[in-house]
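Please walk through this model with the sequence and the coordinates side by side.

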Amino acid sequence: MYKLQYIVFKFFSWLLLLFPEKTRFKFAEMLAILGYKLIKKRRLIALANLELAFPEKTENERKRIAVESYKIMSKAFLSTLWFDDYLKNSVSIEELDKIEKIKERGQGLAVALIHMGNMEANLKATEKYKVVTVAKAQRNPYIDKFITESRKKLNLVLIKKSKQTSRELLEQIEEKNVIALFSDHRDKGANVEFFGAETVSPTGIINIALKHNMPLVIGYNVMNRDNTSTTYFTNEIELERTESFKEDVKNNTQMLISKMERIIINYPNQWMWFHDRWKLYKKIVKK
């Protein structure tokens, strides 16, 4: 079954790449609208999340944001099929000098990433720095191998989640590389308030920054109307350090997620709203 899926995937990729890039993105938008209409669970989650985050907006405004978010996520996913060309020709980084000044201090760098825009386009930074990140292995081993092989062309270390993840990360931290981890999704970690509601956030990047005295910034991407992408980095974030490491992790994770919230508010259509961030789906079903 996995091999058949991979064959279909490769045929679809080959067929799509026969068309101009503009046509590919139009197709991605059509897929997004289709997915929004047909996959009821994800649509309901997106709209519930948006109602929680933006209760002051009308229902139609929230629907428009949801549809635009679907389109951006769809275009971002499909663009990985011609990723080398897209990264080279359609991605820019704003104010990279912020990172350069930090790296000149001879330190590593911790980057908290947000699930927004063309997330893969953040890898533009590998043209200048060695970037280390962690990801789950794909269920389909053939597709997982395809993704891994395609990323080998970049100055990227892709660590697959396993029992050895911590040790592998430590090796990269000691080499003073850029450690970039997505930090806005729901995962085991600290209880935080996000858009006024309690939820859980991963603490990995905060743990790394605190334990290893690494400077921390937030990295995020915005997909523009012309389908180009722009990656942004915040200024260095000052972390709270007290005698209680546990409390420092909790407080700094809350501070980080609050900063991310403000970024998302500025670009609401760019965030991945169909992720069940606040576990609202069960409440929707019970209604």
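What follows is a tour of a predicted model.

Seven strands build it, in the order 1-9-8-2-5-3-4. The sheet is open, and its pairing is mixed. Strand 1 (91-93) and strand 4 (156-160) are the edge strands, each pairing on one side only. From one strand to the next, the twist averages 25 degrees.

Helix 10 (residues 245-266) packs on this sheet. The helix touches strand 2 (109-113) and strand 8 (216-223). Its direction makes about 25 degrees with that of strand 8.

Strand 3 (residues 131-135) and strand 4 pair in the parallel sense, over five bridges. Thr 133 has Leu 158 of strand 4 as its bridge partner. Val 134 is partnered by Ile 159, also in strand 4. In a regular strand, side chains alternate between the two faces of the sheet. Is strand 3 mostly covered or mostly open? Four of its five residues are buried, and the strand is mostly covered.

Move to the other end. Strand 1 and strand 9 run parallel and are joined by three bridges. Here Ser 92 stands opposite Thr 230 in strand 9. On to the next pairing: strand 8 and strand 9 run antiparallel, with five bridges between them. Met 223 has Ser 229 of strand 9 as its bridge partner. These two strands form a hairpin, with five residues between them. In the turn, Asn 227 has a positive phi of about 70 degrees. Four of the five residues of strand 9 are buried, so the strand is largely enclosed by the rest of the structure.

Next come the rings. A pair of aromatic rings is described by the distance of the centres and the angle of the planes. How many aromatic pairs are there? The count comes to 19. One of them joins Phe 25 and Trp 82, at 5.4 Å centre to centre. Their planes stand at 70 degrees, and the pair is edge-to-face. Phe 25 lies in helix 2 (residues 21-38), while Trp 82 lies in the loop between helix 4 (59-79) and helix 5 (83-90). The pair therefore ties together parts that are 57 residues apart in sequence. Phe 25 counts as buried because its relative accessibility is 3%, under the 20% limit. Trp 82 falls under that limit too, at 8%, so it also counts as buried.

A second pair joins Phe 195 and Trp 278. The ring centres are 6.2 Å apart and the planes are at 75 degrees, so this pair is edge-to-face. Phe 195 sits in the loop between strand 6 (189-194) and strand 7 (197-202). Trp 278 sits in the loop between helix 10 and helix 11 (281-286). The pair links distant parts of the chain, 83 residues apart. Phe 195 is buried, at 8% relative accessible area. Trp 278 is buried as well, at 5%.

These two rings belong to a cluster. Ring pairs link Phe 54, Phe 194, Phe 195, Trp 271, Trp 273 and Trp 278. Phe 54 also has a charge over its ring: the charged end of Lys 57 sits 5.4 Å from the centre. Elsewhere, Lys 41 lies over the face of Tyr 281, at 5.1 Å from the ring centre.

Finish with two loop residues. Asn 140 lies in the loop between strand 3 and helix 7 (141-151). Asn 140 is buried, with a relative accessible area of 5%. Leaving out residues up to four places away in sequence, Asn 140 touches Tyr 2, Gln 5 and Tyr 6. With Gln 5, the contact includes a polar one between side chains, at 3.1 Å.

Thr 242 is in the loop between strand 9 (229-233) and helix 10. Buried or partly exposed? Thr 242 is partly exposed, with a relative accessible area of 44%. Its side chain reaches the backbone nitrogen of Ser 244 at 3.2 Å. The side chain of Thr 242 also makes a polar contact with that of Asp 248, at 2.7 Å. The C-alpha atoms of Thr 242 and Asn 140 are separated by 45 Å, and the two residues are 102 apart along the chain.

Key: Residues are numbered from 1 along each chain as its sequence is written. This is a predicted model: local features need pLDDT of at least 70, side-chain atom pairs count only at pLDDT 80 or more; totals for chains, interfaces and linings use all residues. Side-chain values use heavy atoms; hydrogens and water are left out. Two strands pair if DSSP finds at least two bridges between them. Axes are lines fitted to C-alpha atoms, for helices over the stretch in contact, and angles run from 0 to 180 degrees between N-to-C directions. Contact means heavy atoms within 4.5 Å. Rings of Phe, Tyr and Trp (its six-membered ring) pair if their centres lie within 6.5 Å; planes under 30 degrees apart count as stacked, over 60 as edge-to-face and the rest as tilted. Buried means under 20% relative accessible area, exposed over 50%, partly exposed in between (1.4 Å probe, protein chains only). A charge sits over a ring if NZ of Lys or CZ of Arg is within 6 Å of the ring centre and within 35 degrees of the ring normal. A polar contact is a pair of N or O atoms within 3.5 Å; within protein, one must be able to donate a hydrogen and the other to accept it, and residues adjacent in sequence count only if both atoms are side-chain atoms.
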